[in-house]
Amino acid sequence: MNIGNLFSINGTISTQVLSVVGLQYGPAGAQTREEVSENLQTLLAYMDSAVSGYPGADLVVAPEACIQGFAPTGFEDAILTEDSPEVKTICDRCRKLSIWGVFGLLFWTDSRKCYENTAIVVNDKGEIVHRYVKMNPWIPFENSRPGKECTVCDGPKGSKLGIIICADGDYPEIWREAAYRGANVIIRPTHYMDPYEEAWSITNKAGAYFNQVYVIGVNCTGLARNESRSCFGRSMILGPDGNIIAQMADHPGLIKADLYPGIIDKIHEQAVHSAPMFTFNHRGASCPDMYGEGDQAMRYTAYGYKKGREER
């Protein structure tokens, strides 16, 4: 069966359709709660537009720091907690619109000495069902505490969502980690700035191709108030062959595509041609004395060791 890209699957498959809308805009670099509230109203308006403009949408994705932005200094008053009223407002809007959402937010740690760059997944009942903390803060400028793992959660329409954030996507290990844990859709909220447009495109395409997953990359756009770096937009949604399904320009707006998560699951399960994720788990499966199962041991030292020392 040809599914319209470079990969093939054998037999018959039934899959639900996941309708995704990305929200591309430029939140101001908030230094006060009033500015956070201003950004929140922008986000809510984009959520409303996504549902009215694309009836039947299942999932909306907002950019990194979607109601806080990144002011270079003086942003401490804009950092939230998961119990903040702004977070409740976002959850309530998901419930009201009957839609899932992924939202990048900056949260205080328990000590309030530092913050974590976090993405939450909210279901259509307004419940936070998943949290991911950015594992690779952008050194030396981003002084957030790094996360410890990249887990995957169940999403709508048979999707299994892996979340990575902005600079995370510059490191191939985290894409593979999400796919290895079962993600069929990897979502990348970003604040990716000029002049790294080519790196943005290359990393998204590589992440989709090497791991045979859908990729949803939603970026900020413009030079927002109180910010020192401009973002180029170009939010994109990609298929498992690394080809771009839909892409925005550099202006604020919405990007939409329909995805088929069940196809990704099937690709990962089968030993068809050009199947990197199957081969990663079953190296040499075509060798006669490996009986179609291949070598399933982890032989790559990068995943178990660090600079010659066993990882503790």
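## Strands β6 and β7

In this predicted model, aspartate 154 has lysine 160 of strand β7 as its bridge partner. Strand β7 covers residues 160-163 and pairs with β6 in the antiparallel sense, over 3 bridges.

## The six-stranded sheet

Strands β6 and β7 belong to an open sheet of 6 strands, ordered β6-β7-β8-β9-β12-β13, with mixed pairing. At the edges are β6 (152-154) and β13 (244-247), each of which pairs on one side only. From one strand to the next, the twist averages 20°.

Two helices contact these strands. Helix α3, residues 172-180, lies across β6, β7, β8 (185-189) and β9 (214-218), and runs at about 140° to β8. Helix α4, residues 197-211, packs on the sheet and touches β8, β9, β12 (236-238) and β13. The direction of α4 makes about 25° with that of β12.

## Helix α1

Helix α1 spans residues 33-53, 21 residues in total. The distance from its first C-alpha to its last is 30 Å, close to the 30 Å expected at 1.5 Å a residue.

Which residues of α1 are buried? They are Glu35, Val36, Asn39, Leu40, Leu43, Leu44, Tyr46, Met47 and Ala50. An α-helix has 3.6 residues a turn, so residues three or four places apart point the same way. The buried residues of α1 pack against the strands β1 (18-24), β2 (59-61), β3 (100-108) and β14 (253-259), and against helix α2 (85-97).

## Aromatic pairs

The whole structure contains 8 aromatic pairs. One of them joins phenylalanine 75 and tyrosine 115 in an edge-to-face arrangement, 5.8 Å centre to centre with 85° between the planes. Phenylalanine 75 is in the loop between β2 and α2, and tyrosine 115 is in strand β4 (residues 115-122), so the pair ties together parts that are 40 residues apart in sequence. Both phenylalanine 75 and tyrosine 115 are buried.

The ring centres of tyrosine 192 and tryptophan 200 are 5.3 Å apart and the planes are at 45°, so this pair is tilted. Tyrosine 192 and tryptophan 200 are both buried. Together with Phe232, Tyr192 and Trp200 form one aromatic cluster.

## Arginines over rings

Where does the charged end of arginine 176 sit? The charged end sits over the ring of phenylalanine 280, 4.5 Å from the ring's centre. Arginine 229 lies over the face of phenylalanine 141, at 4.5 Å from the ring centre.

Key: Residues are numbered from 1 along each chain as its sequence is written. This is a predicted model: local features need pLDDT of at least 70, side-chain atom pairs count only at pLDDT 80 or more; totals for chains, interfaces and linings use all residues. Side-chain values use heavy atoms; hydrogens and water are left out. Two strands pair if DSSP finds at least two bridges between them. Helices (H or I, at least four residues) and strands (E, at least two) are DSSP runs, numbered from the N terminus. Axes are lines fitted to C-alpha atoms, for helices over the stretch in contact, and angles run from 0 to 180 degrees between N-to-C directions. Contact means heavy atoms within 4.5 Å. The expected span of a helix is 1.5 Å times one less than its number of residues. Buried means under 20% relative accessible area, exposed over 50%, partly exposed in between (1.4 Å probe, protein chains only). Rings of Phe, Tyr and Trp (its six-membered ring) pair if their centres lie within 6.5 Å; planes under 30 degrees apart count as stacked, over 60 as edge-to-face and the rest as tilted. A charge sits over a ring if NZ of Lys or CZ of Arg is within 6 Å of the ring centre and within 35 degrees of the ring normal.
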